[in-house]
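Hello,

Here is the structure for your set-up work. Please look it over, then read the notes below it.

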Amino acid sequence: MVESFFPIEKLLEKLGSFAYEELLLFCGVKNDLEKLKETLTAVKSVVLDAEEKQVHSHQLRDWLEKLKDACYDAEDALDEFEVEDLRRQVMKQRSIGRKLRNFFGSSNPIAFRFRMGHQIKKIRERFDEIANMMGKFNLTLRLDDHRRVVHEEREPTHSFVRPSDIIGRDEDGEKIIELLMQTSDGESETVSVIPIVGIGGLGKTALAKLVYNDQRVEKHFELKIWICVSEDFGKRQIMTKIINSVTGGNHGNLDPDRLQKVLRDSLNGKRYLLVMDDVWNEDPRAWGELKSLLLGGAEGSKILVTTRSNKVALIMATMRGTTGYNLQELPYKDCLSLFMKCAFKEGQEKHPNLVKIGEKIVEKCRGIPLAVRTVGSLLYGSTDEHDWEYVRDNDIWKLRQAPDDILPALRLSYDQLPPHLKQCFAYCSIFPKDYEFASVHLVQLWMAHGLLQSPNENEELENIGMRYFKELCSRSFFQDLGDLLPGLEVFNFQIHDLMHDLALLVAKGECLTVNSAGQSIPKSVRHLSFVGANALRNDFASFLPDLGRVRTILFPIDDERTSQSFVTSCISKSKSLRVLVLTNSAIEVLPRKMGNLKQLRHLDLSGNRKIKKLPNSICELQSLQTLNLGDCLELEELPKDIRYLVSLRMFVVTTKQKSLLESGIGCLSSLRFLMISNCRNLEYLFEDIDQLSVLRSLVINACPRLNLLPPAMKYLSSLERLIFDECESLSLSLNMEMKEEGSHHDRKNVGSHLRTLYVARLTSLLELPQWLLQGSSKTLQTLAIGDCPNFMALPRSLKDLEALENLVIGICPKLSSLPEGMHHLTTLKTLAIEECPALCERCKPLTGEDWPKIAHIPQIVFDGEMIKSSDN
């Protein structure tokens, strides 16, 4: 099946922009582009209908494949215009003298105009041909109304279950029953809502059935109702289902007013249990309207909800201090018991060899009961070891699936996603199983491929990406492993193995992992990973086809055997490359042809321990948005023309340089994230740091010889997150010997937006300097100071931080008191103090001298122990 990853909207948006209008006039292809816009608009209007009908037509699937390929090729061509526009912008900003012409090389405007004009005509003819084929499919005109295309619906559930069929959920059942039996003391409403949350196939419905049929529950509730909600959250439909369940009749023909009266009469004064199975609705208003009709039950009434979405749980849950019951994966021993029950007939001899293979099969299921049932049922009654080995050695997505098996169940979650999130999730199939992501890096990859969209053109791409990431986490597509960089909203996470299988299924054809030399690479592949290859020897290069359409190349992670010639060969064959990841490789030089990758937006060389110099041709990559040189410990210096990377938004630097004064980093006017890390010789930053006018995150880490900061640092007006870590000589004082660039007479009016300040392992730090908090009194939300052995005092101005919510202090043994006026910090929600003996003693509840200063704070933690909680 062809997924809806058509960048038609993006193509139309590009064609309508002012920059393109200029360039199109320059290339003499305005008429061709107008016709192309008309054709694209016509094709776009039938794509939704084609997607739904492709299931029944092989020809229609082929047509959609042709359309997708044409869209991608057109985008490649239009991106060349974008590159040329950036090149012209840089040429305008700088002198167009001989030196600059040498730097940019010869760009013949007449040749460019001729080449691009020819390309656009070919693209227009190709789309005309595709549009002419539409007629034979009888497609219906449907404007994109942003409705979700849902391919399958889950079968409605019922409440009956044999307890013996549910394995390993007894403890979870007891916890849910305990919640159901709780009184509503302290609750504002008579009815409490308890969501059970978890990934598809985890057994939420089975657990709800187990609880629903328990004798204690039977006796406790006067009335029990089970309804399967699924996608249909219409108030009328749900009212009808509840009434039909209570009365045993059919009341679907009643008008809305009569329905709501019958519903309220059915529940009025009765202690009831309502199970709402498989809820997807994320609209708080729809739930609010329905909930108002369900409040007439007696005190102690409960609504038990099963959902895959944390957002649904957040909207519906009423139990104080919780957003629901998060169901965990089934323990391995219980999964094995379930598998044996599904794979072997009752009384059948369990052959030791089959049991051994079965143990490996169960490991692949990663605690998901429905996956265990799926593979167990496939092998039911079979004693052929080859059958068992086939299941063991293949990904689940390659195995035959019945409609109620695991991948169709997970597919429902995917079908519920809006198109932009579908693309972002499918892209994750390029990574290996069990790979740990950092959210910030994934967002940069999505950005490099233009997958981030927002109706608000002023919204930062990084913020859009984080919103996408959190949405996918909320819907159980990702597993959050916690903060990677505290205060920076950088999360560490994984994709569950079965969700990874789903990603492989939906991205099939676009993403490919190469495992061995000789494996064919189809022309349709856009994203290529060599992560699965054991070693990329020199002979790998010989089997590579032309990679002209490939947009991502991911080389083995933590593998120093990747050969120089193989990397060079890939780069020379990949003219459309957007993403190149060479993490922890051992290549010693980058090819000079790097400058030819004009559309490259993401280059990751982090962790390379051998590379000493980068070719200056890297600085010709005007489209580059991310450059990661973190932990390139042998890198002697940055390329001299780094200032010309005008699109760079994220820059991670490790260098052996003593000074960055002449680095040109201050000219990177698009920079949002800058990390200077593991620069063991670094003593001086750059004076014009204030020119980074849109910089939002700055991290300075493991720079042991850096002791002073440039004065212009206090004028970073867009800075929101600031981290200093492991810089033992740094006292956070400003180097007043450095000259401040330009005139600063009005700088006192520059507003600061600092929201997070994180300071750790600064052995020279005695106190926080005044300039650091100046101007942030209305914005700073989190202040964390850790492992600063000589730190002695928090600033007196702490009391002025009107927005402060979190204050964390750890391993500061010389800090013995808190400043006066802390009772003014009315927004402060959490105070955590770790391994500060003198301070903890002074802050002891009731008896400590500083206790009155902090007694108003809702949550207080000392050395890991909760001293005070708002829930107490």
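Asp 787 sits in the loop that runs between β20 (782-786) and β21 (806-810). Strands here are DSSP runs of E with at least two residues, helices are runs of H or I with at least four, and both are numbered from the N terminus. Asp 787 is partly exposed, at 33% relative accessible area. The classes are buried under 20%, exposed over 50%, and partly exposed in between (1.4 Å probe, protein chains only).

Two points on provenance. The model is predicted, so local features need pLDDT of at least 70 and side-chain atom pairs pLDDT 80 or more, while totals for chains, interfaces and linings use all residues. Residues are numbered from 1 along each chain as its sequence is written, and side-chain values use heavy atoms, with hydrogens and water left out.

Surface charge:
Asp 787 belongs to a patch of negative charge on the surface, together with Glu 835, Asp 863 and Glu 865. Patch members have over 30% relative accessible area and no salt bridge, and like charges are joined within 9 Å. Asp and Glu count as negative; His and the chain ends are not counted. Each charge is placed at CG of Asp or CD of Glu. Areas come from the Shrake-Rupley method with a 1.4 Å probe.

Salt bridges:
Side chains of opposite charge can pair when their charged atoms come close. The whole structure holds 53 salt bridges (a Lys or Arg side-chain nitrogen within 4 Å of an Asp or Glu carboxyl oxygen).

- Glu 459 pairs with Arg 467, with the closest N and O atoms 2.5 Å apart. Glu 459 is partly exposed at 24%, and Arg 467 is partly exposed at 39%.
- Arg 696 pairs with Glu 460 at 3.6 Å between the closest N and O atoms. This pair links distant parts of the chain, 236 residues apart: Arg 696 lies in the loop between β16 (673-677) and β17 (697-701), Glu 460 in the loop between α20 (439-448) and α21 (461-474). Arg 696 is buried at 19%. Glu 460 is buried at 13%.
- Arg 842 pairs with Asp 850, closest N and O atoms 3.0 Å apart. Arg 842 is partly exposed at 27%, whereas Asp 850 is buried at 1%.

A network of salt bridges links Glu 75, Asp 76, Asp 79, Arg 551, Arg 578 and Arg 601.

Cysteines:
How many disulfides does the rule give? The count is 0, with a disulfide taken as two cysteine sulfur atoms within 2.5 Å. Cys 71 is buried at 0% relative accessible area. Cys 570 is buried at 1%.

Best wishes

Terms used: Patch = residues over 30% accessible without salt bridge, like charges linked within 9 Å, V, L, I, M, F, W, Y side chains within 5 Å.
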